[in-house]
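The sequence and the structure should be kept in view throughout.

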Amino acid sequence: MIDLLALGLSHGLLALMAWRLLQRSDLDRDPPPGEGDAEAATVRKPGGRRRD
Amino acid sequence: MTDLGLTAFVLGLLALGMRRPFLWVLAYIYIDIVAPQKISWFLLASIPISLIVFVAAFGGWLATDDKRDSRFGFRQVLMALLLVYCGYTTLGADFPEQAAVKWAWVWKALVFAIFLPLTLRTRLRFEAVVLTMVLSASAIIIGGGIKTALGGGGYGSLHLLVNDNTGLYEGSILSCVAIAIIPLIVWLMKHGTVFPPDWRVKLFAVALTFACLLIPVGTQARTGLICIGVLCMLALRFAKRRILYMGLMGLAAMVAVPFLPQSYTQRMSTIENHQADESASTRIAVWQWTWDYVQDHPLGGGFDSFRGNKVRYRKNAAETSGSVTAVDSEVIEDQGRAFHSSYFEMLGEQGFPGLFLWLLLQALGLLQMERLRRRWSKRTGPDEQWQAPLANALQQAQAIYLVGSLFVGIAFQPFILLLIGVQCALWSYLRRIETPQRAVRRGPRAPVPLAVTPAA
């Protein structure tokens, strides 16, 4: 039971990470310098929450 | 059910890699750490999944990735030299069969660590790799932490996902790695963009850190306790209110000790009184044997050369009854005892040349991360805030590993080689993006190359 919980949580987060990475153009190319904060350049999936 | 879930997860990850081949690199890291083929007993266990994903990761990079920014650094050369040298010692190993078994996984781990930096050429990729390492390790750590909290555990008896003493599933190795990743968890919590910092991320990071701290308790590996000590000292290095933090740490330790199982406190007390402990006495005897061995075999005896050892040591058992302590002493003979130290592992298996290459690889990592941290910590730009903390976290993780590996033979632990790969990549990445700035700064002083223009 505990193993299932640990596997589910970690793999769920890994899957979510992979999905989010797919939406990010900066995975393969850094945004040009001066184009703002790379940490804020998060491309959200539609309907996703924005970070303030 | 678990089998189906894991298979679906791996296949899904591979499918997503069709759109972004870099995900195959992450998939390999995941498989390397979690070893889903060991948890699974049906589909994943029956195919060479690790090899398939490595070929996909390398092929994807070769076919589609932009290689203009890829650099081959000095430490990658060192790893390549170490790889060749290990191959050479394997050919003439004292125990060819056993050496071939270890070589089979060491070369893969080294090749991947050499390859990884070539793929890490954007900020997001660094984060993705660190996140994958942490989340993959969390698959083992979360379960281990919860079981420990619920009263399970004991030396060699904490049931992790897989009942197998290889990779991260071995208690001492997991204890060392679990503590070493804490600085990386903190970095992700503060600078993550895939999971930007919010209350959920912080809650998960704090809970995972707590689980990491519980692993040495659950596995009762003394190495883990030493690693926690190193982590505390490193945390104090940049703390603004050191005295306050030291007080809090002392308080936390005082509060925690009564909750620790008695078997744990008993085992930890043997750190001080190592003469009365067989495993500690064996270590010292094996290390003496190794030193004598390399006097005759300075080039090392190949992987698993410890199998040739025969050690004799004196074990003192102290029994206290009232005010009288009786010390019982007996001589124990043993053979084929493992090195129980990465440094002696390198010395005994790869001799002086191998130990030198390995030490240079490690020392350069500490130095390079220190230089990066100093150079980038003064920067104030909005996109210049993650570099110094990452260099610092990678350095701290490595320092914890280097102290922990004094007592565990994990010189080629794939997880640590991944960490070294990330360090190599960060060093070359930051030097590359720094170059234009340097050029601008030096601009007025440096002679401007003259353009030859045809006379009008």
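A residue is called buried here if 20 or more other C-beta atoms lie within 10 Å of its own, exposed if 12 or fewer, and partly exposed in between. The model to which this rule is applied is a predicted one.

By this rule, the buried residues of α1(B) are L6(B), F9(B), V10(B) and L13(B). These four lie on the same side of α1(B), because they cover an arc of only 90° around the axis. The spacing recalls a general property of helices. An α-helix has 3.6 residues a turn, so residues three or four places apart point the same way. The other side of α1(B) carries L4(B) and A15(B), which are exposed. As for its dimensions, α1(B) consists of 15 residues, and its first and last C-alpha atoms are 21 Å apart, close to the 21 Å expected at 1.5 Å a residue.

Against what do the buried residues of α1(B) pack? Their partners come from both chains: α1 (2-22) of chain A on the one hand, and α2, α3 (36-39), α4 (43-46) and α5 (49-64) of chain B on the other.

This leads to the interface between the chains. Here 32 residues of chain B are in contact with 28 residues of chain A. On the side of chain B that touches chain A, at least two residues are supplied by each of α1 (2-16), α2 (22-34) and α8 (123-149). The largest share, 13 residues, belongs to α8(B). Sorted by class, that side of chain B comprises 18 nonpolar, eight polar and six charged residues.

Chain A itself has 52 residues, of which 25% count as buried. Its secondary structure amounts to one helix and zero strands. The average pLDDT of chain A is 74, and 63% of the residues score at least 70. Over residues 40-52 of chain A, pLDDT stays under 50, and the model has 12 contacts for this stretch beyond four places in sequence. Where pLDDT is low, the predicted coordinates should not be read in detail.

Chain B contains 18 helices and two strands. Of its 456 residues, 46% count as buried. Among contacts in chain B between residues at least 6 apart in sequence, 77% join residues at least 24 apart.

Domains 2 and 3 of chain B meet through 22 residues of domain 2 and 19 residues of domain 3 that are in contact. On the domain 2 side of this boundary, α6 (74-91), α7 (96-119) and α16 (342-377) of chain B each provide at least two residues. The largest share of that side, nine residues, comes from α16(B). Its residues divide into eight nonpolar, 11 polar and three charged.

Helix α15 (residues 278-296) of chain B holds A280(B). Why does A280(B) count as partly exposed? It has 19 C-beta neighbours inside 10 Å, whereas a buried residue needs 20 or more. From A280(B) to V194(B) the distance is 44 Å, C-alpha to C-alpha, and the two are 86 residues apart in sequence.

Terms used
Residues are numbered from 1 along each chain as its sequence is written. Chains are lettered from A and ligands numbered from 1 in the order in which they are written. This is a predicted model: local features need pLDDT of at least 70, side-chain atom pairs count only at pLDDT 80 or more; totals for chains, interfaces and linings use all residues. pLDDT is the predictor's confidence in each residue, from 0 to 100. Two residues are in contact if their C-beta atoms, placed from the backbone, lie within 7 Å. Ala, Val, Leu, Ile, Met, Phe, Trp, Tyr, Cys and Pro count as nonpolar, Asp, Glu, Lys and Arg as charged, and the others, Gly among them, as polar. The expected span of a helix is 1.5 Å times one less than its number of residues. The arc is that of the directions from the helix axis to the C-beta atoms.
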